[in-house]
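Here is a short tour to read with the model open beside you.

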Amino acid sequence: MTQKLTAEVLIPDLTPAERARMERVESVLPAIRAAAQEADALGAFPKGHVKLLADAGLLGLVVPEEFGGLGGGLRDLAATTYALGTVCGSTALAYFFHCSASSRGMLPLAAIDAGLYTDDEVPVVRQFAEKVLRRMGAESLMLANFASEAVKASNANVLISTTATATEGGWLLNGEKSFGCLSGTADYYLVTARREDVPGIDGLGLFLVARESVGVRPRAPWQGLGMRASDNHGLVLEDCFVPADEALAIPGGFTRATQMSRGSWVGNQVAIAAIYAGIARGVWEYALGRTMAAKFADTGKPIASSPMHQVLIGNGEASLGEAHLWLRRQIDLEASEPPILPKDEVVASWKLAKGAICEHAFSVATDALKMCGTSGALMDNVLGRSLRDTAMGLVQAFPAERGKLDLAKVIVDREGWAGLTTRDAMADAKPEKVEAAAR
């Protein structure tokens, strides 16, 4: 009988090609599990993980085969982050931020096919997009995707203040990125910045910054509650030079590419939520195993047989099941061919799904803690890491309350939301322009 893979808990109907890719994932799980405790204690992404993932071909998981990748899609990515999450949430998050860079290659190529660029623009866009994909696939380099900043906008997930100023042979970047994994570890940082000479969201561009470039450095070490081993320090950019051929800075070039995403503004965000469901699965299996193995001294029965534990087991199973249901539904909405729903409905579903998945995952971790009692409540074991890591899901990207509010505004006020925006875009945009950008 074929062994059931960890990924099949989430996606039981893997195709033969998907299963072959998930076998690669399964092969790295023991080493990642073994490193998780020390990595969390040190607050650093294990140095050996980059080679481990590269040797397994997983840095090119979602890169087309023509660029040296494995040719996987969103189902592969979500299944992989889920499986990694069962053994180390930090590694899963860092790996997601690497893989998310692929959208900066795939979406522009899709936009070319859709005729969204002029004949003059196509060669520039294609050169940048294919460079991103080849570095991830054929060259097995690790990329880190940096968009988020500390400043916020009321109707967008990310407000871009980092600037790109034209200079001889390229661009000078200045700004600070507050969130994004693999600071100081990735071979290249993929930075979103706004051209100073182009107003509004059309000024947003993408820039490949080599890790050793002059003028770029990680911020102060991040002392996060959870996901501590993801090197999530952010970036500081001070007159950092990026050559022209390492940038996609055509006015409107990036925003046109985002129109090709079926789900949220660049797609693949559901794979972040899969991490938290995976963490919940991992800690739940740990708690069940622990309480089934421990016996009452007087009866010899498993501690899990007590009425209190059985209530917790029922609660945990229900929460874990609901997290899986929300997750599978969203993956289907974003990956099925032909599409099940139009994009605006898919995005609306994501606004609810993200919060529901993460809150259910946190509930599972809480029930696991209660099941294992005081003796299990340690900072550095599976319970301690999982409780802290799932807590990060409550706030990462947006809390459940923000998602519900966004959805309510769409239903009641027909108000759209945006993935990325800039200060001048929000100051000048008319409501209909903002809604168009959100779609």
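A residue is called buried when its relative accessible area is under 20%, exposed when it is over 50%, and partly exposed in between, using a 1.4 Å probe and protein chains only.

## About the model

This is a predicted model, in which local features need pLDDT of at least 70 and side-chain atom pairs count only at pLDDT 80 or more, while totals for chains, interfaces and linings use all residues. Residues are numbered from 1 along each chain as its sequence is written, and side-chain values use heavy atoms, with hydrogens and water left out.

## The chain as a whole

Let's begin with the overall picture. The chain holds 15 helices and ten strands; here helices (H or I, at least four residues) and strands (E, at least two) are DSSP runs numbered from the N terminus. Its radius of gyration is 22 Å, which agrees with the value near 22 Å for a compact globule of 439 residues. That radius is taken over C-alpha atoms, and the globule rule is 2.2 Å times the number of residues to the power 0.38. Along the principal axes, the C-alpha atoms fill a box of roughly 80 × 50 × 45 Å.

Of the 439 residues, 58% are buried. Contact means heavy atoms within 4.5 Å, and among contacts with a separation of 6 or more, 74% are between residues 24 or more positions apart. The accessible surface comes to about 18,000 Å², with 56% of it belonging to carbon and sulfur atoms; these areas come from the Shrake-Rupley method with a 1.4 Å probe, and for residues only the protein chains shown count as cover.

## The loop between β7 and β8

Now to the loop between β7 (216-218) and β8 (235-243), where H233 has its place. H233 counts as buried because its relative accessibility is 13%. Its side chain reaches the backbone nitrogen of W222 at 3.0 Å. Setting aside residues up to four places away in sequence, H233 touches G180, S183, P218, R219, A220, P221 and W222.

M227 lies in the loop between β7 and β8 as well. M227 is not a glycine, yet its phi is positive, about 50°. D239, in strand β8, is another non-glycine residue with a positive phi of about 50°. For background, most residues other than glycine have a negative phi, and most peptide bonds are trans.

L77 is found in helix α4 (residues 74-87) and is buried, with a relative accessible area of 2%. Beyond its neighbours within four places in sequence, L77 is in contact with L61, V62, Y95, F96, C99, N268 and A271.

Helix α6 (residues 103-113) is mostly covered, with eight of its eleven residues buried. Those buried in α6 include S103, R104, G105 and L107. After α6 comes G115, whose phi is positive, near 75°.

## A cis peptide bond

Which residues does a cis peptide bond join? They are E337 and P338, with omega about 0°. P338 sits in the loop between α10 (307-335) and α11 (343-376).

Note on methods:
Polar contact = N/O pair within 3.5 Å; in protein donor to acceptor, adjacent residues only side chain to side chain.
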